[in-house]
Amino acid sequence: MQTKCTLTKEQIDGAIAFHGHHCPGLTIGLRAGEWCLREMGRAGDEEIVVVTETDMCGDDAIQYLTGCTFGKGNFIFRDTGKVVFTFYRRSDNKRARLALNPEFAADLRVKQESLTADQKEELALLRQERIDRMMNAELNELFNISVPESEMPHPARIHQTIRCDLCGEGVMATRIQKVNGKQVCLDCAAK
Ligand SMILES: [Zn+2]
Ligand SMILES: [Zn+2]
């Protein structure tokens, strides 16, 4: 089926395989990743940093497509609960904030076990409808695209490791807590 999405079938199938299933959330990430490839390129060829404000399915598509990953430190989670992705490119300081148009937002995650066969079928149809709608939208109607005020975040820094005085595990220095004169990890501090 011809859609507004300019990703290849291989790119889409690859993202679905990486994520484990096809779903509306992944589709949001496919389209955001498509924007990045089109407007900024791919990490590796370019220094790109992505800040995501949601920890959902779509993040997998963005990591898969752009090459920005959590592990490399160029895919950063900022927990605001918004479906917003901000892209930064080092070479020319280009940046853009893609906020999902609320018209496309709808939470279709429900407990499958509590549904009848008919309801499951209805839900599957609704999900497919939502996927099709997003694949057929122009990127600038699916997302409100603006220039963010924020600067490109600093790349991950390497910190010294300190051993927790209580459990003995190694902890990044910035996460060490001081409790009763001891240097302890977050877990031990909570006890
Ligand atoms: Zn999913
Ligand atoms: Zn500890």
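Colleague: What is the arrangement of the 4 donor atoms around the zinc ion (ligand 1)?

Modeller: Irregular, because the 4 donor atoms subtend angles of 91 to 143 degrees at the zinc ion (ligand 1). To count as tetrahedral, all the angles would have to lie between 85 and 135 degrees. Keep in mind that this is a predicted model.

Colleague: OK. Which residues are the protein donors there?

Modeller: His19 and His21, each through NE2, plus Cys23 and Cys57, each through SG. They lie 2.1 to 2.4 Å from the zinc ion (ligand 1). Along the sequence, the spacing of these donor residues reads H-x1-H-x1-C-x33-C.

Colleague: And where do Cys23 and Cys57 lie?

Modeller: Cys23 is in the loop between H1 and H2, while Cys57 is in the loop between S1 and H3, so the pair ties together parts that are 34 residues apart in sequence.

Colleague: Are those two cysteines, Cys23 and Cys57, buried or exposed?

Modeller: Cys23 is buried, and Cys57 is too.

Colleague: Now the other metal. What are the donors of the zinc ion (ligand 2)?

Modeller: Cysteine SG atoms: Cys164, Cys167, Cys185 and Cys188, at 2.3 to 2.4 Å from the zinc ion (ligand 2). Their spacing along the chain is C-x2-C-x17-C-x2-C.

Colleague: What geometry does the site of the zinc ion (ligand 2) have?

Modeller: Tetrahedral, with angles of 99 to 114 degrees among the 4 donor atoms. For reference, the ideal angle for four tetrahedral donors is 109.5 degrees.

Colleague: Is Cys164 buried or exposed? And what about Cys167?

Modeller: Cys164 is buried, at a relative accessible area of 4%. Cys167 comes out at 37%, so that one is partly exposed.

Colleague: Switching topic: how many salt bridges does the count come to?

Modeller: The count is 10 salt bridges. One of them joins Glu138 and Lys4, with the closest N and O atoms 3.7 Å apart. That pair links distant parts of the chain, 134 residues apart: Glu138 is in the loop between helix H4 and helix H5, and Lys4 is in the segment before helix H1.

Colleague: How accessible are Glu138 and Lys4?

Modeller: Glu138 has 38% relative accessibility, so it counts as partly exposed. Lys4 is at 42% and counts as partly exposed.

Colleague: What does Glu39 pair with?

Modeller: Lys94, in a salt bridge of 3.5 Å, N to O. Here helix H2, which holds Glu39, is linked to strand S4, which holds Lys94, and the two residues are 55 residues apart. Glu39 is partly exposed at 29% relative accessibility, and Lys94 is partly exposed at 28%.

Colleague: And which residue does Arg78 form a salt bridge with?

Modeller: Glu53, with the closest N and O atoms 3.1 Å apart. Arg78 is in the loop between strand S2 and strand S3, and Glu53 in the loop between strand S1 and helix H3, 25 residues apart. Arg78 is partly exposed, at 47%, whereas Glu53 is buried, at 4%.

Colleague: Which residues are joined into one network by salt bridges that share partners?

Modeller: Arg38, Glu39 and Lys94.

Colleague: One last thing. Where is Glu34, and is it buried or exposed?

Modeller: Glu34 is in helix H2. With a relative accessible area of 2%, Glu34 is buried, since buried means under 20%.

Colleague: What is Glu34 in contact with, leaving aside its neighbours within four places in sequence?

Modeller: Lys4, Cys5, Thr6, Leu7, Leu65 and Leu139. Lys4 is also the salt-bridge partner of Glu138.

How values were computed: Residues numbered from 1 in each chain as written. Chains lettered and ligands numbered in written order. Predicted model: local features only at pLDDT ≥ 70, side-chain atom pairs only at ≥ 80, totals over all residues. Heavy atoms only, no water. Salt bridge = Lys/Arg side-chain N within 4 Å of Asp/Glu carboxyl O. Helix = DSSP H or I, 4+ residues; strand = E, 2+ residues; numbered from the N terminus. Buried < 20%, exposed > 50% of the residue type's maximum accessible area, 1.4 Å probe, protein only. Contact = heavy atoms within 4.5 Å. Donors = N, O, S within 2.8 Å, 3.2 Å for Na, K, Ca; no water. Tetrahedral: all angles 85-135°; square planar, octahedral: opposite > 155°, others 65-115°.
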